[in-house]
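Me: I'm new to this one. Walk me through it, please.

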Amino acid sequence: MTTTMDAANGGDWFETAFAGAPLMAILRGMGVERSARLSQTAWDLGIDSVEVPLQTEEDERALREVVSLAAARGKSVGAGTIITAEQVALAADAGAAYLVSPGLDPVVVRAAQDAGIPILPGVATPSEVQLAVSLGLTWLKAFPATWLGTGWFSHIRGPFPQVRFVATGGLNASNVEEFLDAGVRVAAVGSALEDAAQLERLAEVLRTRAAAR
């Protein structure tokens with residue numbers, strides 16, 4: 001886990017964490033065994049980063065298990081749905097390398113920064129993006145991505161060219177490339193990891209994007 005304020009602000013840390021693949025996996029409410037299995041599926045596919053939303057005690061157990069598996073493979077695991085400062089401490093204790101929030105709460109952002117953990121807060125408006133930038137953040141989660149639409153990203157890049165976005169919410173193998181083409185740096189998928197047809201399509205996306213670098 002990083003311990004510097006620069007890393008907690010996210011720029012360099014997320015740039016490095018997401019350099020290998022433009023996709024990440026979100027394992028929401030899947031339990032310990034299913035989370036463990038799908039995290040391995042994601043890593044085998046070439047998706048480096050896995051997020052386990054932290055909402056229940058079962059989620060905490062799943063997060064700890066996935067963190068343990070990730071350590072053996074040199075992967076990073078994030079804790080998602082972080083909406084309180086108390087959850088920041090819980091996620092840190094469970095070994096999360098980064099945090100993800102559905103919205104933008106300066107109190108939670110400051111708690112993460114104080115703990116030295118990079119955080120991706122959720123944004124959906126220019127005002128939220130501007131506030132996040134004022135808090136020192138350059139990597140943000142755009143949520144819900146399919147509701148915002150791909151056009152949102154081309155508009156928001158004008159006043160905020162320094163911001164990098166992770167798109168989450170409603171993404172799967174059929175639409176991730178639309179968002180990546182719109183300028184999203186990382187697209188997040190979830191249940192697609194259990195669909196053989198979608199896995200094949202996601203693998204192709206990873207191969208194509210890697211070849212284009």
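Reply: One definition to start: a residue is buried under 20% relative accessible area, exposed over 50% and partly exposed in between, using a 1.4 Å probe and protein chains only.

Me: Okay. Is Glu65 buried, partly exposed or exposed?

Reply: Glu65 is partly exposed, because its relative accessibility is 32%. Before more, the ground rules. The model is predicted, so local features need pLDDT of at least 70 and side-chain atom pairs count only at pLDDT 80 or more, while totals for chains, interfaces and linings use all residues. Numbering starts from 1 along each chain as its sequence is written, and side-chain values use heavy atoms, with hydrogens and water left out.

Me: Where does Glu65 sit?

Reply: In helix α4. That helix covers residues 57-73. Helices (H or I, at least four residues) and strands (E, at least two) are DSSP runs, numbered from the N terminus.

Me: And what does Glu65 touch?

Reply: Val32 and Ala36, leaving aside residues up to four places away in sequence. Touching, or contact, means heavy atoms within 4.5 Å.

Me: How do α3 and α4 pack?

Reply: At an angle of about 35 degrees, with axes 9 Å apart. Axes are lines fitted to C-alpha atoms, for helices over the stretch in contact, and angles run from 0 to 180 degrees between N-to-C directions.

Me: Which residues make that contact?

Reply: From α3, they include Val32, Ala36, Ser39 and Trp43. From α4, Glu65, Val66 and Leu69 are among them. The residues of this contact divide into seven nonpolar, four polar and five charged. Here Ala, Val, Leu, Ile, Met, Phe, Trp, Tyr, Cys and Pro count as nonpolar, Asp, Glu, Lys and Arg as charged, and the others, Gly among them, as polar.

Me: Ser39, then. Buried or exposed?

Reply: Ser39 counts as buried because its relative accessible area is 0%. Ser39 belongs to α3, residues 31-45.

Me: What's around Ser39?

Reply: Not counting residues up to four places away in sequence, Ser39 touches Leu27, Val50, Val66 and Leu69. Val66 and Leu69 are also on the α4 side of the helix contact.

Me: How do α4 and α5 cross?

Reply: At roughly 40 degrees, and their axes come within 9 Å. Glu60, Leu63, Arg64 and Val67 of α4 meet Leu90, Asp93 and Ala94 of α5. That contact has four nonpolar, no polar and three charged residues.

Me: Why does Thr81 count as buried?

Reply: Because its relative accessible area is 13%.

Me: What about the peptide bond from Phe143 to Pro144?

Reply: That bond is cis, with omega near -5 degrees. Pro144 sits in the loop between β7 (139-142) and α8 (145-148).

Me: Last one, Trp13. Which helix holds it?

Reply: Trp13 is in α2, residues 11-17. Trp13 counts as buried because its relative accessibility is 19%.
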